[in-house]
Amino acid sequence: MAEVHFTSWLRELVPDGPVMARGATVGDALAAVFADKPHVRGYVLDERGSLRKHVCVFADGARLPCDATLGHPISAEAKLYVMQALSGG
Amino acid sequence: MSGRMLVATRKGLLTLARENGSWRVAATDFPGVPVTAALHDARDGALYAALKHGHFGSKLHRSDDQGRSWQEVAVPAFPADAASAPSLFQVWTLEAGAASQPGRLWAGAIPAGLFRSDDRGESWQLVQSLWDVPERAKWFGGGYDAAGIHTISPDPRDPNRVFVAISCGGVWETRDGGETWSLHGAGLIAAYLPPELAGSLGQQDPHRVARCAAAPDVMWMQHHNGMFRSTDAGLTWATIKPPGDDFGFAVAAHPKDPQTAWFAPAIKDELRIPRDGAFAVTRTGDGGKSFDVLRTGLPQRDAYDLVYRHGLAVDGTGTRLAMGSTTGALWVSDDSGEGWSLVNAHLPPIYAVQFA
């Protein structure tokens, strides 16, 4: 399972991180996290299900392009970091 | 001590003058227009103001008569064939070249282009060598959609050495007049990256870097994740730790004493407000080993003032300081920050302050 870490900015929402999640893509793994923690979804995705503009995800040490994040394939042992993009201030 | 200052604001360029012991707004230029950077060129007395019209893009104006009149000159522009073909979002900083380079100006932009003029802003060239470094692919915006250059520091000992700092793209130096660039910054740490990337030089977010004019190897940095000092012109950095908050944007370096610098801290990045509503400046006089927290004359309750990157200035004596906040307050100190006097609490949001 993928290991999903969240930025300290979201620590109050995900105090028990990192979270283990199953999924073939970043989007699948995040969906698995949100299934258990539905209140986190709106902080990471917008109402259309797109990654928020100022949220960025690193997969195994590489920052994923915002518009190709959710479909990015990941391995079963992937390590994901959901971080605030500093473009957001 | 300097008796005039330029204050670049969300609603125009204000020139303040000291008369009979107090400061007043002596001129308001470009009223209503955001002024993203201003420069007083001590070599020839010219003033420059970079505007960001909401509808009509960025523009650059110059005054050759102490601000009595202004003329529009060329604004830095990305060549149409530049990689990724960006367009200028704003000029973030303007710097004068060396005394031996009359007419030389530098501009740092968002997106993170470095531009050079050799004719007092009549024309500009993108410094292609920095734009083309492969590391640029990993730069990203800090507070804006695109990365930007907010600090340009020519080495006063050697005009071929120029240091720049990029949010978020780390710190760079050329030693050959811009032909080639080296990425520096060992010791900087980014907590907004996964732990294994925290030391990645090309993705650091130096909020602002200030250099000691008399000891140019000494630089001070307010970084997104702390305060740092370098004694080797930016190659390596050591954390300095004030009591309380070490987040902020601005830093000012004493022009003569390499042990002294000032910072304007706030609670770290999630909040960016003064702790407990009490606004303070921190100062070190021993190279960062210890700090004074200076509060006299600054609001100590219900204050939300935040000082942006270019909002804290020190004059050539190292005694007079000026500081402007995002909530439109402007203060001056005449005793190295021990005490502050409020000049005006009702200005537009302040982007930059400079003695002129």
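The model discussed here is a predicted one. In chain B, this tyrosine belongs to the loop that runs between β23 (292–294) and β24 (312–314). Once neighbours within four places in sequence are set aside, the contacts of B:Tyr308 are B:Phe249, B:Ala250, B:Thr326 and B:Tyr351. B:Gly21, by comparison, is 287 residues away in sequence, and its C-alpha lies 27 Å from that of B:Tyr308.

We can turn next to the nonpolar core. The largest one holds 124 residues, and the members that touch the most others are B:Ala38, B:Val251, B:Ala252 and B:Leu312. Strand β20 of chain B (residues 247–253) supplies the largest share of this core, with 6 residues. For B:Ala38, contacts beyond four places in sequence include B:Leu6, B:Ala8 and B:Leu13, together with B:Tyr48, B:Ala49, B:Ala352 and B:Gln354.

Within helix α1 (residues 26–36) of chain A, the buried residues include A:Val26, A:Ala29, A:Leu30 and A:Val33. These four sit on the same side of α1(A), because they cover an arc of only 95° around the axis. In general, an α-helix has 3.6 residues a turn, so residues three or four places apart point the same way. In chain A, the packing partners of the buried α1(A) residues are β1 (2–6), β2 (19–21), α2 (38–44), β3 (55–59) and β5 (79–84).

Finally, the two chains meet: 10 residues of chain A are in contact with 14 residues of chain B. The chain B side of this contact comprises 6 nonpolar, 4 polar and 4 charged residues.

Key. Residues are numbered from 1 along each chain as its sequence is written. Chains are lettered from A and ligands numbered from 1 in the order in which they are written. This is a predicted model: local features need pLDDT of at least 70, side-chain atom pairs count only at pLDDT 80 or more; totals for chains, interfaces and linings use all residues. Two residues are in contact if their C-beta atoms, placed from the backbone, lie within 7 Å. Ala, Val, Leu, Ile, Met, Phe, Trp, Tyr, Cys and Pro count as nonpolar, Asp, Glu, Lys and Arg as charged, and the others, Gly among them, as polar. Helices (H or I, at least four residues) and strands (E, at least two) are DSSP runs, numbered from the N terminus. A nonpolar core is a set of buried Ala, Val, Leu, Ile, Met, Phe, Trp, Tyr and Cys residues joined through C-beta atoms within 7 Å. A residue is buried if 20 or more other C-beta atoms lie within 10 Å of its own, exposed if 12 or fewer, and partly exposed in between; C-beta atoms are placed from the backbone. The arc is that of the directions from the helix axis to the C-beta atoms.
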